[in-house]
Amino acid sequence: MARMLGSDAILRALEHEGVEVAFGIPGGAILPTYDAIARGTTVRHVLARHEQGAGHMAEGYARASGRVGVAIATSGPGATNLVTPIADAWMDSTPLVAITGQVRSNLIGTDAFQEIDATGITMPIVKHSWLVQDVEELPGVLKSAFHVARTGRQGPVLVDIAKDVQEAEFDFVYPDEVDLPGWKPPHKVHPRQLREAARAIAEAQRPILYAGGGVLNADACAELLELVDSAHLPAVVTLMGKGCLPDSHPLNYGPPGMHGSKYANFALNKADLVIAVGSRFDDRVTGKVSAFAPGAKVIHFDIDAAEVGKIRHAEIPVVGPLKLALAQLAAEVRAATAEVAPDRGPWLRQLEDWRERFPYRYAKAEGVLKPQTAIEALRDLAATREEDVVWTTGVGQHQMWAMQYLRCETPRSFITSGGLGTMGYGVPAAVGVKAARPDATVVCIDGDGCFQMTCQELATAALERLPIVAVVINNGWLGMVRQWQELFYAERFAQTHLTHAVPDYAQLAEAYGCAGFTVESEDQLEDALAAAFDAGRSAVVDVRCDPEEKCFPMVPAGAAAVDIIEAPGEEAVPA
Amino acid sequence: MSAHTISVRLENRPGALARVSQLFSRRGYNIQSLAVGPTERPDISRLTLRVDCSEHSLEQIEKQMHKLVNVLRVTELRPDEAVERELALITVSVATDRRAELVALSQVAGAQVADIGRDAITFEFVGRPDQVEAFEELVRPYGVRELVRTGRVGLRRPSATARGAQPSVNV
């Protein structure tokens, strides 16, 4: 027990929770806590330039490390600026503790300066939140906050702390246990359901695993690999799951969905058994739900019971921690296949045939650099590097090309905004990743639209010595929106032309103390990217690309997988 | 679509009710009635919610509510397994010469007179929700000036020992 101020107690709590880095910006209502940072803590504070940036940094840190990310902001606009990253963390199940200052207890409810109802505003997008108005509650609340963020289905929590609580003196004891009678995430798996799942897998003629981000969150990648190998199960891996199974694994058929491969979508379409693991039948994966995997029985593994049966009925629901479930399933499947051993040869040959016939394709053209070429160059450069490369992305065409063309062999090496689709995620997330993985080269593949939403965080990268490489796939447009306008809005390109006129990204990079490169043709690509990787400081590569290139294949929103739109020149496909 | 009664044991904490009602609006479920009040324990409240939804939605509602940190328990109260009651206060316009008739009628129906004014009477009626509706219909011809219902509250019958079992005394 030690006598201290609430503000110091916040930092002692973070230290108890093993927090090494927190991302934030000070302001009026959180000033006492920053004063405590000045008094001394083992927590490294990374000063962002915008609270949204701080939030995405904490997310990037969390996704790269598997630990809880921490973002700190002041009341009012500080809290509202955190809303987007909190929503992003909610949609992608990223463990995040957001700590906001609140006006003094006696001013709460009076519309005081920079007062906003932070717990109210964030209520639909947090697992739980606390408004602390009594310093005695502070240790228990912070303990609970970390516990809720990291247990069960991971996600964001908010702790809103009145300024006078931060200033109050009390006897600090950090509790050993949480007191949360209503928080009971599942910690085991029903053995009967596992056996049923194993039998269904053993009997299936055309099974397909459908693995998502939950596998990464559950730290269950080794168990997934063991299952795939031992049961010889082909898999598709979603955008959020990328890296949970090596992209080079022969049974990894890549991402399904709107911009996934044809072979992944065909695999789901023709499967007789879909084994969903930590994936949630998102509309960007399923398209038209009634036409999704129409001939398949579904086994759904998830830590969150509410995801099972939400979109698609699961004949065999298995709720529980995936690490445990997959390990036990692999053993059960081995036992079950000893009795029944279906001949999966024809199915695997069919998948291979589709993969050979329908690879990702694009047509190069004279005098214009295709964005896919830039991503391929990055992929090839990364393969030659000795150090690990961790990717982040923004949201849009470049993100989909990154999903299609990058090869991720290790978990937590592809970090992106999936559910919320937050443009501007890439740069700050990369800064957070770098804080978690200082030995890795962290590369943000961004769009020019995305980059301009959060590029101020280059200052953070430069001054906090968290160097990143930002590769701007610069087509001068809000490219994905342009693509929809071209395909579905009769080429009425309303308000999507950002132009190549301004800014000069290389000059902008230099202004932030980063190295800047401009690439205008394919022959400049390799050297510029290599120089950026080896710049010894943050670097921005402005890759000026074909403005008209579209991302294919594409399953239009609400369409069935078999109604996939192909790149021009590809043969039509009967699925 | 069918109507369901859901009973929720909830931690008695600031914002706990808001989290439940927010979940309903956020996920597009419509609440027909919601009654909340203290229980045998001061730190726990009980909510009785009436919702009109499909079986699939009901399952989703229960699962989503279970994830709320302040929610301790969610159970569906099936009609044959639950005692459900509702209180209504009804102010009925009535001329002096028809007062006696209305009071006599209400007493037969099981209502109490809560207040008598110059040209109106307020009745209180406690009963099963269908009885409340029947009473409302009964007095409607006189002219209902104001009406308020608590929404149903319910508890599982102790006589309903197993799911689907017929209660021994159904009152």
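**Two interfaces in a predicted model**

In this predicted model, 19 residues of chain A are in contact with 19 residues of chain B. The size of an interface is often given as the accessible area lost when the parts come together. For chain A and chain B that buried area is about 1500 Å², with 52% of it on carbon and sulfur atoms. The two chains share 1 salt bridge across their interface: Lys67(B) and Asp304(A) meet through their side chains, at 2.5 Å from N to O. Polar contacts link 7 residue pairs here, counting pairs with both residues at pLDDT 80 or more. On the side of chain A that touches chain B, 10 residues are nonpolar, 4 are polar and 5 are charged.

Chain A itself can be read in parts, for its assignment gives domain 1 (2-172), domain 2 (191-357) and domain 3 (371-544). The C-alpha centres of domains 1 and 3 of chain A lie 29 Å apart, and 26 residues of domain 1 are in contact with 27 residues of domain 3. Together these two domains bury about 2000 Å², 62% of it on carbon and sulfur atoms. Within domain 1, the residues losing the most area to domain 3 are Arg49(A), Arg63(A) and Ala64(A), which together account for 27% of what that side buries.

Between these domains there is again a count of 1 salt bridge, formed by Arg44(A) and Glu464(A), whose closest N and O atoms are 3.4 Å apart. Polar contacts join 10 residue pairs, both residues at pLDDT 80 or more. H3(A) supplies the largest share of the domain 1 side that touches domain 3, namely 11 residues. That side divides into 11 nonpolar, 9 polar and 6 charged residues.

How values were computed
Residues are numbered from 1 along each chain as its sequence is written. Chains are lettered from A and ligands numbered from 1 in the order in which they are written. This is a predicted model: local features need pLDDT of at least 70, side-chain atom pairs count only at pLDDT 80 or more; totals for chains, interfaces and linings use all residues. Side-chain values use heavy atoms; hydrogens and water are left out. Contact means heavy atoms within 4.5 Å. Buried area is the accessible area (1.4 Å probe) that two parts lose on being put together, summed over both. A salt bridge is a side-chain nitrogen of Lys or Arg within 4 Å of a carboxyl oxygen of Asp or Glu. A polar contact is a pair of N or O atoms within 3.5 Å; within protein, one must be able to donate a hydrogen and the other to accept it, and residues adjacent in sequence count only if both atoms are side-chain atoms. Ala, Val, Leu, Ile, Met, Phe, Trp, Tyr, Cys and Pro count as nonpolar, Asp, Glu, Lys and Arg as charged, and the others, Gly among them, as polar. Domain bounds come from an automatic or database domain assignment. Helices (H or I, at least four residues) and strands (E, at least two) are DSSP runs, numbered from the N terminus.
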